[in-house]
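Let's work through a few exercises together, with the structure open beside us. Each one has a task and then a solution in steps.

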Amino acid sequence: MAEKPKVLLVDDSLIIQKVGKQILFRKGFNVILADHGEMALKLFPNQNIKLVILDYHMPKMNGLQAVKKIRSSVNPEDAKTPILILTGESNPTELNKLLEAGANDYLNKGRLLKNPEIFLEKVYHLLNEEGEVAKYKKIKLSKTLSPFVKDFLKFTQLVIDNFMASGSISQSEMEEIGEKLENAYTLFSSGEYVGVIYEVIEGDDYLPVHTVNTTLLMLMFGVSLKWEKNKLIEASLGAFFHDFGCLLLHIPVLVNPKALPQKDYADYMKHVEEGSSLGKTLGLPANAQKFIENHHERLNGSGFPKQKKGEQLDDISQVAGIITLFDSLTSQYGIHNKMHVSDAINKISSWNTLFSEELLKKFDNFSRQFDLKPDE
Ligand SMILES: [Fe+2]
């Protein structure tokens, strides 16, 4: 049997020793404990220790002194050992001193107690076990995102109730909903929900607009199609997340991806898979997943990523295609000039091999009822 990897955990706090040891022990590590830097340095040399987890403020020898000693070890393997600082210290100048002295990363002790998966993500990252890192990233994501998904479901439920009660939606109501969705998107991409996972793509201001527009269109068109409420809520959730794969992959949303060189097109197509994997992590309902996974598929099999066709694409899948295309065509971004609403509808309606004629007709009727994109 392979030897269990050794981790040296150095902290004068018994709670941290106990909790840290328990978390690591469960993951199959051999945990060696030390109360302070001096004790750690006696236990450390030539022991094939894979990771040192070090507190900053400790009696006898503090974390900074210990980092310096470890980095100047006689044994070159010892000197390279990854060091994770686990501290209550939050002053960035102090934390920087530790990094400058050679520590690899740090984590606040409070977060270890509250979110062990963040701790494990860092541990595995320092041990170069990226497969494990991905696992803990996903757990972290789903934990932080599930309150968002719950809020979203509650909110769309209200919107739909209003729609159904009044049979229509006023311009001001529409703006209010749009604003809420925009706030949700901003929270999302600013890291409020997901920490460092998402970064807004520089120069791409279309994705947030596209996200909000598509969700609004889904809500409104769904009501006009008289979809059952749950189906509509779930599809709208899918509409909100449908292009988040682009955010994960750091690529902009495009209106005509087929115009890209082959390699870039192949990269672009991956956003669907990424989005779908995010949806699974979040535990999104089946109808939301369908929206995400099929929004680029077309009835005649010319779509991507799976070239689904005919009966493989139900109404949610086709509506996803119609409204995302409609929003792309009628938006101004990058080098793409927006089309007028009526031209876009004519264009989409002419693609009757891509979507069912019946749905295209319904979308045409729906778009005439509402003043879509009134700032044309
Ligand atoms: Fe897309």
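The exercises below go from confidence to the sheet, and then to the cores and some single residues.

**Before starting**

This is a predicted model: local features need a pLDDT of at least 70, side-chain atom pairs count only at pLDDT 80 or more, and totals for chains, interfaces and linings use all residues. Residues are numbered from 1 along each chain as its sequence is written.

**Exercise 1. Find where the predictor's confidence is lowest and where it is highest in the chain.**

Step 1: Begin with the average. The pLDDT, which is the predictor's confidence in each residue from 0 to 100, averages 84 over the chain, and 86% of the residues score at least 70.

Step 2: Go through the elements. Helices (H or I, at least four residues) and strands (E, at least two) are DSSP runs, numbered from the N terminus; the chain has 17 helices and five strands.

Step 3: Helix 8 (residues 130–166) has the lowest confidence, with a mean of 73, and helix 14 (residues 286–294) has the highest, at 97. Over residues 194–200 the pLDDT is below 50, and this stretch has 15 contacts in the model beyond near neighbours in sequence. A contact here means that two C-beta atoms, placed from the backbone, lie within 7 Å.

**Exercise 2. Work out the order of the strands in the sheet.**

Step 1: Start from strand 1 (residues 6–10). Strand 1 runs parallel to strand 2 (residues 30–34), joined by five bridges; strands count as paired if DSSP finds at least two bridges between them. Strand 1 also pairs with strand 3 (residues 49–54) in the parallel sense, again over five bridges.

Step 2: Check one residue. V10 stands opposite A34 in strand 2, and its bridge partner in strand 3 is L54.

Step 3: Three bridges join strand 3 to strand 4 (residues 83–87), in parallel, with V52 opposite I83. Strand 4 is joined to strand 5 by four bridges, also in parallel; here L84 has D105 as its bridge partner.

Step 4: The five strands form an open, parallel sheet in the order 2-1-3-4-5. Strand 2 and strand 5 (105–108) are at the edges with a single partner strand each, so one side of each has no neighbour in the sheet.

**Exercise 3. Which strands of the sheet does helix 1 touch?**

Step 1: Place the helix. Helix 1 (residues 14–26) forms a right-handed β-α-β unit with strand 1 and strand 2. Right-handed means that, with the strands pointing away from the viewer, the path from the first strand over the helix to the second runs clockwise.

Step 2: List its neighbours. Helix 1 packs on the sheet and touches strand 1, strand 2, strand 3 and strand 4.

Step 3: Look at burial. A residue is buried if 20 or more other C-beta atoms lie within 10 Å of its own, exposed if 12 or fewer, and partly exposed in between, with C-beta atoms placed from the backbone. Four of the five residues of strand 1 are buried, so the rest of the structure largely encloses this strand. Strand 3 is mostly covered too, with five of its six residues buried.

**Exercise 4. Which residues of the largest nonpolar core touch the most other members?**

Step 1: Recall the term. A nonpolar core is a set of buried Ala, Val, Leu, Ile, Met, Phe, Trp, Tyr and Cys residues joined through C-beta atoms within 7 Å.

Step 2: Name the residues. In this core of 52 residues, F241, I322 and I323 touch the most other members. Helix 10 (residues 206–224) gives the most to the core, with 10 residues.

Step 3: Follow one of them. Leaving out residues up to four places away in sequence, I323 touches T214, L217, M218 and F221. A second, separate core of 31 residues includes V52, I83, L86 and A103.

**Exercise 5. Is A266 buried or exposed?**

Step 1: Locate A266, which is in helix 13 (residues 262–282).

Step 2: Count its neighbours. A266 has 12 other C-beta atoms within 10 Å, so it is exposed.

Step 3: Look across the chain. A266 and F304 are 38 residues apart in sequence, and their C-alpha atoms are 9.9 Å apart in space.

Definitions and conventions
Axes are lines fitted to C-alpha atoms, for helices over the stretch in contact, and angles run from 0 to 180 degrees between N-to-C directions.
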